[in-house]
Every structure is written in structure tokens, then in C-alpha cells.
Amino acid sequence: MRLTETADLWWKNAVVYCVDVETFQDGNGDGVGDFPGLTQRIDHLVRLGVTCLWLMPFHPTRERDDGYDITDYYAVDPRLGTLGEFAEFVRTARDRGLRVIADLVVNHTSDHHPWFQDACSGRDARLRDWYVWCDTPPEDGPKDITFPDAEQSLWQYHEPTGQYYFHRFYKEQPDLNITNPEVRDEIARIMGFWTQLGLSGFRVDAVPFLLETAGQVDADHLPDPHAYLADLRAFLGRRNGEAMLLGEVNLPYDDTLRFFGDPASGGDELTMCFDFIGMQRMYLSMARQQAAPLAGALRERPQPPRNAHWATFVRNHDELTLDKLSKSERDEVFAAFGPAADMQLYGRGLRRRLPPMVGGDRRRIELAYSLLFTLPGTPVLFYGEEIGMGENLEADGRLAVRTPMQWTPEPTAGFSDADPARYPRPLPGGAFGPEHVNVRDQAHDPHSLLARMRSFVQGYREAPELAWGHCEILDPGDPAVLAHLSSTGDGAVLVLHNFADRTVTATAAGVPDGPLTDILTGATVERAAGAPRVELPPYGYRWLRVGEP
């Protein structure tokens, strides 16, 4: 694969790192992370091998939903810095070779946003139709409640005007009406504003909800939501030809495929979509110690259009959702990785990070991240994963995994000079507290998880077949082993993963002739005639280049 064929599609072999500015690094000593602090820590990300930073919301907010209830789309929350400090951060990141994308949260606003305040002033208000109102909640409207512990309905009665407004999330987050042309134009302006300040794209929050029109008046006659998404992609392309849209689309594969857009054009809607099903099946495979669930997902996963891609992840900033598993499958994962009630959320997911889920077992931690960097798709890391951070179950709901970054072994974790009582959320304690898990101790330890993650990133970047190649699931001869071959016209890489707590011998039929070289160690693997036979220790993995290195 020649560079001239791939340079415009930089996101296909990127390493994306999701960061919460509020919890990454405090630069002014007030106990809250900010853009000056993030700027100071960019070199850590460069050494890790990150090529793209994804910023969680950093706009002014009422903090009803940890920043996802925005009151001003054109500003930086004063706690996190100034617009000038944001611009300086983006410039510094680009100087280090990192692109920056940010959350685009336009399915809803805060109920304190000036748009909604205007809409609430009366039925004839200028911005009334920027939100979704009705006299009586429609019987054919959306039913599933996102936060069943806090809300009983998706419709909130507004007594002063005698109507209900729609909110897919908390009642403090009224949904915008994207069928309104003025709203669509405003969303484009928001994207254009931040693109002008240096962003290379957006992670689009809650895409299916953003395009939702069920239950609205004259829903059958409303504009095609997918045509609108294509318009947004075209607008972004005009502003910045390299920019991308990474979509949060947690739907079955066939439904998700629609959000990539027209295959004939190579894909004209979302550039990438997260593979939620593959992630959930990976945990089921780990719980069962069998490769079949994940192998099945990879076989079922449709090929995206040529200019689109899947994004893979071990976990993200929300609960670790298991909603695409059956109840019995979900119960298996709960029993293996989150048996206590306070480890679960809404009966559909886990509010834990991986290392505590596996009891700190380095073999199983490495297995999961080896999968992340070798399965077809762009790998996305959540901050702290590179050092094996844990969660703090004392924090509310999904905030359990959004604790301050652990830089040093001190009680402050090197996050801030302020008293930890002033931190956005409490640090974890015990075996995953900063005294045991931190960047400083791991940075120069060749046997640390951080060192291993750096080697994963380096191996991934050195094997373009993993990002660009055709992936074929092979028969490994043992139900515990996942074997896949990623091939381009220029080479092939065989990858083996053992999900079991026992030594296995994998026999990967269908691998081309030629020597096998371990990408991570450089060692040559002996190969007799026919299918290669490779011994894997418990939870072991191998990345093997086929042919001359």
C-alpha cells in the first residue's frame, strides 16, 4: 500500500485517544483540569504513539450530564480555560503531529441554553420550533428511556406554555429539532467555527437520536435525516478536506451500515462508526474463554464503503454497554466481570475499567489491547488505559471511570497541586490507586503495561496490513483461539489470540507460504511445511508477518 494512496485517509490507521480535559491535568492549581494542563502533557501522548486526540465536551455547561448539557457552543467552559488557551493547545498538538477532534453534541442542549430559554418564553417565541413540542405525547413516539433511574418519560410538561418538550436524555437536556432548517444551519455554523480554529473533525454524539423523527407531527413528510447527515459531511469536506466524522451509532450491523452513506460514492455520511457489537462480543469471549462470539461478530460485520472505516475500542467514557447481547449472555459477562450490583448500570452495562474486571491479570489486560490494535478498524483508547487505571465505584453512575489521570504516586496523583477534595471526582484507592498505578513509575520500566502499549502502537503502525488489509477469520484448530489474517497486495499478517487459561497449539490453515516473523519481538517462528503450528501460553497472543520482514 503506497503512501500516496492512503495519506488523505489518515484516520484509517490513526491511533485515537479520548481525553476529558476536566480530569487530565490541572494547569493552574484550582483542582480542575484545563487546556494549559493538557498542553503540558502532550509529549506523553506523543511518546505513546497517539496520532489523534478526541476531546470530550469542553463548552460551558450546567454539569447535569458531565458536560453533555451545553449552554454555549461557541465558548470554552471558564473552568477549563479560555478560547485563546484552546487555540494554543491545538497549535501545540499540530506541532507534535497530532490532529484534534472534539465531541459534537447537538442532539440536545442544556435547558439553560439561551435558545431553549427563548423557546420557553411562549408558544409564539422566535426559537420555539428549534425544539420538539407537542400538546400530548404521541403514542407512536420513541419509548426507550435512556436513564431509567432518573426519568420516567421522554416528554416533560412545561406548565407555563401548556405543552410537552421531548428529551431523549435527562429532562434538563431538551432535544433540538433538526427538521428545522435554521437548526440545521446553526449546527453547520458550529462545526465551521471549531474547524476554523484547527479541529480535524468531530465525534458525533448519539447519532441515531440526532436523526430521530418518530412521533413528530407529519413525520412521514419530514426531510430525510440521512440526506442531512450527508449535507453535514459535504459541508465539513468543503471547510477541511481531511476532516472526519466519527459516529456513536450503537445499532445492529445492518442498521449501522446505513450511517456510512452511499457505497457508490465511497461513503458520504459518517467517516467512521464505533463497532459496539464487536466490543461486546469480545467481553463475552473473554468470559467464556472461547473465541467464537468475537469470531462470529467479525464474520457478520459488513464491509464499510471504501472511504469509511470501523472504530474499535475496549471501553469508552460511558458505561461499558452490553445491550446487544442477549440477557443470558449479558448475565455471563456480569458474573465474570461485574457480579456486584454497584458494578452494573441500568441492567445493561458495567461501570468498570478492564484491569479491575480481570483482577489486575496482566495477561488478560494485554490480550484485550492486543485485540484492539490488530482487529480491523481504527483503535480508540480512553485516557488512563495505557497504564491500567481502575475505576472508583464511589462516584455516581458513569462517572466511576472518569477519575483524574494518575501521573505520579503521590496522593494528588500529580493531577493538581490542590487538595484532592477539590478534584472533579475522587481518585481510586487500593491496588489501582495512584501509588500503584501511575505514569511516572511505568514510563522507564521496560516491563510495564505502558511499555507494552507503546510496543502495540509501534507494531500497529509498522504493519499497515492491520489497518488497510482484507481480514479473513481462519480455523485455528482450538475453540479458545481467534486466528485472523490481514492481507494487502504487498503483504500479510497472521494474528493469534488465546482466550483460555491453558496452553494451546494453534494451526492456522490458509496462511500463505513463507517465513513467520514476530512483529513485536523480531523473532523468527519455525515453520514446517503446510499450516503453521504456533504454541500460545494462557491468554497469549502473536503478531506474525508472513514472508520476508
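Which residue forms a salt bridge with R352? E391 does, with the closest N and O atoms 3.1 Å apart.

This is a predicted model, where local features need pLDDT of at least 70, side-chain atom pairs count only at pLDDT 80 or more, and totals for chains, interfaces and linings use all residues. Residues are numbered from 1 along each chain as its sequence is written, and side-chain values use heavy atoms, with hydrogens and water left out.

**View 1. The E391 and R352 pair.** A salt bridge puts a side-chain nitrogen of Lys or Arg within 4 Å of a carboxyl oxygen of Asp or Glu. E391 and R352 are both buried (under 20% relative accessible area, 1.4 Å probe, protein chains only). The structure holds 37 salt bridges.

**View 2. D66 and its arginine partners.** R402 and D66 pair at 2.5 Å between the closest N and O atoms. R402 lies in the loop between β14 (378-382) and α16 (439-443), and D66 in the loop between β2 (52-55) and α5 (83-95), so the pair ties together parts 336 residues apart in sequence. Helices (H or I, at least four residues) and strands (E, at least two) are DSSP runs, numbered from the N terminus. D66 also meets R425 in a salt bridge, 3.6 Å from N to O. D66 is buried at 9% relative accessibility; R425 is buried at 7%.

View 3. Beyond four places in sequence, L55 has contacts (heavy atoms within 4.5 Å) including V19, F35, F89 and D103.

Key:
Buried < 20%, exposed > 50% of the residue type's maximum accessible area, 1.4 Å probe, protein only.
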